[in-house]
Amino acid sequence: MALLEIKNISKSYNDVKILDNICLTLDSGEMYIIKGRSGCGKSTLLNICSFLENPDSGELLFENILVGSLSNRERQTVLRNHIGYIFQDYNLFENFSVYENLVVYLLTTTDKNNSQISKDINEKLELVGIADKKNEKVKFLSGGERQRVALARAFLTPKKIIFADEPSANIDDNNIKIIKQCFDEMRKNGTSLLVVTHDNVFDDMADKIYNLERGILKCESLK
């Protein structure tokens with residue numbers, strides 16, 4: 001059974017078709033890359049796959065359940081328990097410390113006690129190599145450091161799917177290496193990854209590479 005199926009998805013803005021009859025299937029533990037020029041609809045497709053936007057037409061199935069048939073509460077439960085998102089702008093609180101950002105995330109998504117929260121955060125910050133920035137406010141971090149905080153957040157609660165929007169944008173080679181190591185660890189744990197990117201840094205990891213052009217999604221490469 002597929003983890004996520006996108007069937008004949010279409011989306012338009014101001015009568016301009018951004019996505020045209022898109023079909024895509026994600027399986028557990030595999031990595032998928034979607035490429036395309038800026039503004040072609042990659043992020044829109046990612047948002048639809050992660051329930052953040054609704055398509056104009058077509059179906060989205062999560063573990064063979066039609067997402068459109070779920071109540072708002074059921075949809076939120078799936079999002080909270082099974083889906084993670086690494087945002088292009090990191091989606092962090094600028095005036096909070098690294099630790100405080102991760103505490104807020106765990107308090108709103110889990111029932112863990114303070115002791116377990118502290119233990120989990122410290123472990124994940126070590127994993128992504130940013131434990132020394134634990135008490136630093138996010139607004140003082142570099143782009144690569146912010147991306148590693150976002151990765152630590154994604155690791156804090158096991159997810160079935162991680163969606164990543166331009167995770168390698170504006171960061172150096174060392175941070176890209178750490179991101180790739182984290183993605184590889186996620187896959188080993190059975191997590192599926194769907195990555196939108198403009199470059200080739202993740203190509204060697206991908207099971208399938210797609211190109212989105214003029215609303216059409218085409219598979220360009222298979223492992």
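These questions and answers work through side-chain contacts, cysteines, helix packing and backbone angles in a predicted model.

Q: How many aromatic pairs does the structure hold?
A: Rings of Phe, Tyr and Trp pair if their centres lie within 6.5 Å. By that cut-off, the number of aromatic pairs in the structure is four.

Q: Is the pair of Tyr85 and Phe87 stacked or edge-to-face?
A: The ring centres of Tyr85 and Phe87 are 4.3 Å apart. Their planes meet at 20 degrees. Planes under 30 degrees apart count as stacked, so the Tyr85 and Phe87 pair is stacked.

Q: Which residue forms one aromatic cluster with Tyr85 and Phe87?
A: Tyr85 and Phe87 belong to one aromatic cluster.

Q: Is Tyr85 buried or exposed?
A: The relative accessible area of Tyr85 is 13%. Buried means under 20%. Tyr85 is therefore buried.

Q: What does Phe87 count as, by its relative accessibility?
A: Phe87 has a relative accessibility of 24%. Buried needs under 20%, and exposed needs over 50%. Phe87 falls in between, so it counts as partly exposed.

Q: What geometry does the aromatic pair of Phe183 and Phe202 have?
A: The rings of Phe183 and Phe202 are 5.5 Å apart, centre to centre. The angle between their planes is 45 degrees. Stacked needs under 30 degrees and edge-to-face needs over 60. The Phe183 and Phe202 pair is therefore tilted.

Q: How many residues apart in sequence are the parts that Phe183 and Phe202 tie together?
A: Phe183 lies in helix H6, residues 173-188. Phe202 is in the loop between strand S8 (192-196) and strand S9 (208-213). Both Phe183 and Phe202 are buried. The parts they tie together are apart in sequence by 19 residues.

Q: Which charged residue sits over the ring of Phe51?
A: The charged end in question is 6.0 Å from the centre of the Phe51 ring. It belongs to Arg75.

Q: How many disulfides does a search of the whole structure find?
A: A disulfide needs two cysteine sulfur atoms within 2.5 Å. For Cys40, the nearest cysteine sulfur is that of Cys49, 13 Å away. For Cys49, the closest is in Cys23, at 11 Å, too far for a bond. The search of the whole structure gives a disulfide count of zero.

Q: Are Cys40 and Cys49 buried or exposed?
A: Cys40 has a relative accessibility of 4%. Cys49 has 0%. Buried means under 20%, so Cys40 and Cys49 both count as buried.

Q: Why is helix H1 largely enclosed by the rest of the structure?
A: Helix H1 spans residues 42-49. Among its buried residues are Leu45, Leu46 and Ile48. H1 is largely enclosed because its buried residues number seven of the eight.

Q: Is H3 oblique or roughly parallel to H4?
A: Helix H3 (residues 98-109) packs against helix H4 (residues 114-127) with axes 10 Å apart. Their angle is about 125 degrees.

Q: Is H3 roughly parallel or roughly antiparallel to H5?
A: The axes of H3 and helix H5 (residues 143-156) come within 10 Å. They cross at roughly 30 degrees. Angles under 35 degrees count as roughly parallel, so H3 is, relative to H5, roughly parallel.

Q: Is the crossing of H3 with H4 and with H5 left-handed or right-handed?
A: H3 passes H4 in a right-handed crossing. The crossing where H3 passes H5 is also right-handed.

Q: What is the separation of the C-alpha atoms of Arg73 and Pro167?
A: Arg73 sits in helix H2, residues 72-82. Its relative accessibility is 71%, so it counts as exposed. Arg73 and Pro167 are 94 residues apart along the chain. Their C-alpha atoms are separated by 29 Å.

Q: Which residue following H1 has a positive phi?
A: Most residues other than glycine have a negative phi. Here the phi is positive, near 70 degrees. The residue following H1 is Phe51.

Q: What is the phi of Asn64?
A: Asn64 is in the loop between strand S4 (57-62) and strand S5 (65-66). It counts as exposed, at 51% relative accessibility. Its phi is positive, near 70 degrees.

Q: What is the phi of Arg214?
A: Arg214 is in the loop between S9 and strand S10 (216-222). Its relative accessibility of 73% counts as exposed. Arg214 is not a glycine, yet its phi is positive, about 55 degrees.

Definitions and conventions. Residues numbered from 1 in each chain as written. Predicted model: local features only at pLDDT ≥ 70, side-chain atom pairs only at ≥ 80, totals over all residues. Heavy atoms only, no water. Phe/Tyr/Trp six-rings, centres within 6.5 Å; stacked < 30°, edge-to-face > 60°. Buried < 20%, exposed > 50% of the residue type's maximum accessible area, 1.4 Å probe, protein only. Helix = DSSP H or I, 4+ residues; strand = E, 2+ residues; numbered from the N terminus. Lys NZ or Arg CZ within 6 Å of the ring centre and 35° of its normal. Axes fitted to C-alpha atoms, helices over the stretch in contact; angles between N-to-C directions. Left-handed = near helix turned anticlockwise from the far one by under 90°. Parallel < 35°, antiparallel > 145°, perpendicular 65-115°, else oblique.
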